[in-house]
Amino acid sequence: MPTIAVTDASFQSDVLDSDKPVLVDFWAEWCGPCKMIGPALEEIADELSDKVTIAKMDIMENTGVPGQIGVQSIPLMVLFKDGKPVAQKLGAAPKSQLKGWLESEL
């Protein structure tokens, strides 16, 4: 399953009300490291689709949720379980590290 785009308006239903964990990647078009990890997150979304949903939120188009969560640097990945943030990872990393971190938190 590919990554899904999440907005301020869809955050409640797509992330907080999800019946499985959701990893939200907070990013922006101008962010080089964000673009670097994009393909890896797409692959991880396919590989772990039975365990987790991977969502992307553009912080320039959606300012409400990032402001509430306190996003100050990107890329920031926040894992939500049962509507609550349970883990986060800041910065770009190789696919193997991202996947390993995510699997250890699921």
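Reader: How many disulfides does a search of the whole structure find?

Author: Please bear in mind that this is a predicted model. A search for a disulfide looks for cysteine sulfur atoms within 2.5 Å. Over the whole structure that search finds 1 disulfide. Its partners are Cys 31 and Cys 34, with sulfur atoms 2.3 Å apart. The link of Cys 31 and Cys 34 is right-handed, with 80° about the S-S bond.

Reader: Where are Cys 31 and Cys 34 placed?

Author: Cys 31 is in the loop between strand E2 (22–27) and helix H2 (32–47), while Cys 34 is in helix H2. In UniProt, an unreviewed entry gives both Cys 31 and Cys 34 the feature "active site".

Reader: Is Cys 31 buried or exposed, and how does Cys 34 count?

Author: The word buried applies under 20% relative accessible area. Cys 31 has a relative accessible area of 4%, and is therefore buried. Cys 34 counts as buried because its relative accessibility is 2%.

Reader: Which residues is Cys 31 in contact with, leaving aside its neighbours within four places in sequence?

Author: On that basis, Cys 31 is in contact with Ile 74 and Pro 75. Not counting residues up to four places away in sequence, Cys 34 touches Ile 74 and Pro 75, and also Trp 27 and Ala 28.

Reader: Let us turn to charged side chains. How many salt bridges does the structure hold?

Author: The general idea is that side chains of opposite charge can pair when their charged atoms come close. The structure holds 5 salt bridges. In one of them, the side chains of Asp 25 and Lys 56 meet at 2.8 Å, N to O. This pair links distant parts of the chain, with Asp 25 in strand E2 and Lys 56 in strand E3 (residues 53–58), 31 residues apart. Both Asp 25 and Lys 56 are buried.

Reader: Which residue does the side chain of Lys 35 meet in a salt bridge?

Author: The side chain of Lys 35 meets that of Glu 29, at 3.3 Å, N to O. Lys 35 has a relative accessible area of 48% and is partly exposed. Glu 29, at 47% relative accessibility, also counts as partly exposed.

Reader: With which residue does Glu 47 form a salt bridge?

Author: Glu 47 forms a salt bridge with Lys 99, and their closest N and O atoms are 2.7 Å apart. Because Glu 47 lies in helix H2 and Lys 99 in helix H4 (residues 95–105), the pair ties together parts that are 52 residues apart in sequence. At 38% relative accessibility, Glu 47 counts as partly exposed. A network of salt bridges links Glu 47 and Lys 99 with Glu 43 and Lys 95.

Reader: How many residues has the largest nonpolar core?

Author: A nonpolar core is a set of buried residues joined through side-chain atoms within 4.5 Å. The largest one here has 19 residues, and those with the most contacts inside it include Phe 11, Val 15 and Ile 74. Helix H1 (11–16), E2, E3 and strand E4 (76–81) each supply at least two residues of this core. E2 gives the most, with 4 residues. Not counting residues up to four places away in sequence, Val 15 touches Val 6, Ser 10, Val 22, Val 24 and Phe 80. Apart from this core lies another, of 16 residues, among them Ile 37, Leu 41, Met 77 and Ala 93.

Key: Residues numbered from 1 in each chain as written. Predicted model: local features only at pLDDT ≥ 70, side-chain atom pairs only at ≥ 80, totals over all residues. Heavy atoms only, no water. UniProt positions renumbered as here; feature names shortened; annotations may be inferred. Buried < 20%, exposed > 50% of the residue type's maximum accessible area, 1.4 Å probe, protein only. Contact = heavy atoms within 4.5 Å. Salt bridge = Lys/Arg side-chain N within 4 Å of Asp/Glu carboxyl O.
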